[in-house]
Amino acid sequence: MLSVEGLRSRYGRIEVLHGIDLTVSSGEIVSVVGANGAGKTTLLRCLSGVQPVSGGQITFRGEVLTTVPAYKRLQRGLSQSPEGRQIFTNLTVEENLRLGAFIYTDARVESDMQDAFAMFPILREKRNL
């Protein structure tokens with residue numbers, strides 16, 4: 001389902017990924033483990049298309065995605081959920097929730113929003129903050 005071959009990435013002149021190889025089969029769960037600064041986040045950012053790749057290849061469901069923009073990778077089913085708080089601080093709670101749903105119809109988004117508000121009532125109260 002996902003194949004990474006010889007993946008390289010850099011921040012300026014400093015190469016941080018040095019030829020990563022990874023294969024994930026359909027139905028398989030894989031963890032990426034390593035020390036701080038080992039390149040875990042950079043690898044995930046490369047896979048989702050928000051970090052430039054300087055070498056190697058990313059293939060997802062048989063299609064080479066190495067140069068495909070992030071928004072098209074999302075449309076194909078490959079995305080990343082960033083960790084941390086206050087990632088999009090200039091957006092309201094509702095805008096943050098809608099951000100991950102931009103490829104869906106308005107009706108589906110509204111339905112999913114109501115489901116989220118039912119599960120987490122505090123979100124409804126803070127939706128415009």
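This is a predicted model: local features need pLDDT of at least 70, side-chain atom pairs count only at pLDDT 80 or more; totals for chains, interfaces and linings use all residues.
Ser 48 is found in helix α1, and because its relative accessibility is 7%, under the 20% limit, Ser 48 counts as buried.

Next, display the polar atoms around this side chain. A polar atom of the Ser 48 side chain lies 3.3 Å from the backbone oxygen of Arg 45, while the side chain of Gln 80 makes a polar contact with the side chain of Ser 48 at 3.0 Å.

Now turn to the largest nonpolar core, which has 14 residues, and select Leu 2, Leu 7 and Leu 47, the residues with the most contacts inside it. At least two residues of this core come from each of β1 (2-11), β2 (14-24), α1 (40-48) and β3 (55-60). Centre the view on Leu 2: leaving out residues up to four places away in sequence, Leu 2 touches Leu 22, Thr 23 and Val 24, together with Leu 47, and also Ile 58, Thr 59 and Phe 60.

For the last stop, switch to a surface view and select Tyr 71, Phe 102, Ile 103 and Tyr 104, which make a nonpolar surface patch of about 400 Å². Within this selection, pick out Ile 103, whose place is in the loop between α3 (93-99) and α4 (106-119). Is Ile 103 buried, partly exposed or exposed? Its relative accessibility is 37%, so Ile 103 counts as partly exposed, a class that lies between the limits of under 20% for buried and over 50% for exposed.

Key: Residues are numbered from 1 along each chain as its sequence is written. Side-chain values use heavy atoms; hydrogens and water are left out. A nonpolar core is a set of buried Ala, Val, Leu, Ile, Met, Phe, Trp, Tyr and Cys residues joined through side-chain atoms within 4.5 Å. Buried means under 20% relative accessible area, exposed over 50%, partly exposed in between (1.4 Å probe, protein chains only). Helices (H or I, at least four residues) and strands (E, at least two) are DSSP runs, numbered from the N terminus. Contact means heavy atoms within 4.5 Å. Patches are made of residues with over 30% relative accessible area and no salt bridge: like charges are joined within 9 Å, nonpolar side chains (Val, Leu, Ile, Met, Phe, Trp, Tyr) within 5 Å. Accessible areas come from the Shrake-Rupley method with a 1.4 Å probe; for residues, only the protein chains shown count as cover. A salt bridge is a side-chain nitrogen of Lys or Arg within 4 Å of a carboxyl oxygen of Asp or Glu. A polar contact is a pair of N or O atoms within 3.5 Å; within protein, one must be able to donate a hydrogen and the other to accept it, and residues adjacent in sequence count only if both atoms are side-chain atoms.
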